[in-house]
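Trainee: Please walk me through this model, one feature at a time. I'd like the general idea, then the case at hand.

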Amino acid sequence: MLQSRLLESKMVTLQRHGLLATYAGSSGQEALYVVIGHLLDKDDTHVPYYRDQPCMLMRGHKPLDLIRYWSGNELGNSVPQNDLPICVPIATQCLHAVGVAYAHKFKQSKNIVIVTLGDGATSKGDFYEALNFASLYDLPIVFVINDNGWAISTPLSKQTKDQDLTKKAQAVSMESIQMDGTDLFSCIDGLSKAIRLARSSKPVLVHAKTIRLCDHTTADDAKRYKSQSLINDELNHDPIVKLKKILESKYHWQPSQDQALKDTLNKAIDHDVELFRKDRIKDPQTMFEDCYETMPNSLKNQQKKFKEYETN
């Protein structure tokens, strides 16, 4: 959780210096994503959208991978294990996820899929179609709604009449679970149950109530639509602060230990930042790489034409 928070701070700084493109953070949602990464098996599939940084770090991504991704370097799209790359279009990852879940079931494997989405994505047709398909075919999948209360500047109250998003599952007769996405232990309990159900081919919708301590992206200014009182209230629910208080009260976590951990994590992050600075100007040919195991002829032709253009 702390690694992701520190990396996010560094990413925002890099973006402000013009070294990264627009960046979407996940401050305030680390507990949810770390638990997803912790509970998934190696051969399960994680289908992320653009706020899954803590989970992606848990699943084997390095800070360098994520820095590269947000800089536009195609090498940052490489994904470990069976996971899919970051999806930016809203809710389309839900359709990708049910396709993967269908493949797991077709192969009679015990693997599951967890797909994440924001509360705004629940207003898209892609979400409803994926939910219906998953329920109809009893797919091994968990839909996790990261409800931070805002779709950019649109509050949930302006998106849906009933803000209990578990009710979205009722229309397709799907199991649902609601949990506090800022509490590590609530996430462990809720997601453990959801994963058990999914492994029994019972798809589940999880509504995780979280907060967004950052702007929607670095192109946004949340203070234009969030009141100071709301911002202060959200700070009281910071999942890292909540966990730290538990560690201090029950496990005698010391300020010196906290600082030592931060120093170790920052040192590793700074190392990857230096690697990024050295390699950030990459051969444009990399845009053709890491798309297919065997490159199709159509892409080979594009690559050939691009090489000719570069030569001329």
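Mentor: Let's begin with handedness: a crossing is left-handed if the near helix is turned anticlockwise from the far one by less than a right angle, and right-handed if clockwise. Helices (H or I, at least four residues) and strands (E, at least two) are DSSP runs numbered from the N terminus. The model is predicted, so local features need pLDDT of at least 70 and side-chain atom pairs 80 or more, while totals for chains, interfaces and linings use all residues. Residues are numbered from 1 along each chain as its sequence is written, and side-chain values use heavy atoms, without hydrogens or water.

Trainee: At what angle do H2 and H7 pack?

Mentor: Two packed helices are described by the angle between their axes and the distance between the axes. Axes are lines fitted to C-alpha atoms, for helices over the stretch in contact, and angles run from 0 to 180 degrees between N-to-C directions. Here H2 and H7 pack at about 45°, axes 9 Å apart. H2 passes H7 in a right-handed crossing. On the H2 side, Ala31, Leu32, Val35, Ile36 and Leu39 make the contact (heavy atoms within 4.5 Å). Their partners on H7 are Leu184, Cys187, Ile188, Leu191, Ser192 and Ile195.

Trainee: And how do H4 and H10 pack?

Mentor: Helix H4 (residues 63–71) meets H10 at an angle of about 40°, and their axes are 9 Å apart. So H4 is oblique to H10, and H4 passes H10 in a right-handed crossing. Pro63, Leu64, Ile67, Arg68 and Ser71 of H4 touch Asp272, Val273, Leu275, Phe276 and Asp279 of H10.

Trainee: How many salt bridges does a search of the whole structure find?

Mentor: Side chains of opposite charge can pair when their charged atoms come close. The search finds 14 (a Lys or Arg side-chain nitrogen within 4 Å of an Asp or Glu carboxyl oxygen). One of them joins Asp270 and Lys10 at 3.1 Å, N to O. Asp270 sits in helix H10 (residues 255–279) and Lys10 in helix H1 (residues 2–16), so the pair ties together parts 260 residues apart in sequence.

Trainee: How many disulfides does the structure hold?

Mentor: A disulfide is a covalent bond between the sulfur atoms of two cysteines. This structure holds zero (the cut-off is cysteine sulfurs within 2.5 Å). The sulfur of Cys55 is 12 Å from the closest cysteine sulfur, in Cys187, which is too far for a bond. Cys87 is in no disulfide either, with the nearest cysteine sulfur, that of Cys94, 8.4 Å away. Cys55 is buried at 0% relative accessibility, and Cys87 is buried at 8%.

Notes
Buried means under 20% relative accessible area, exposed over 50%, partly exposed in between (1.4 Å probe, protein chains only). Angles under 35 degrees count as roughly parallel, over 145 as roughly antiparallel, 65 to 115 as roughly perpendicular and the rest as oblique.
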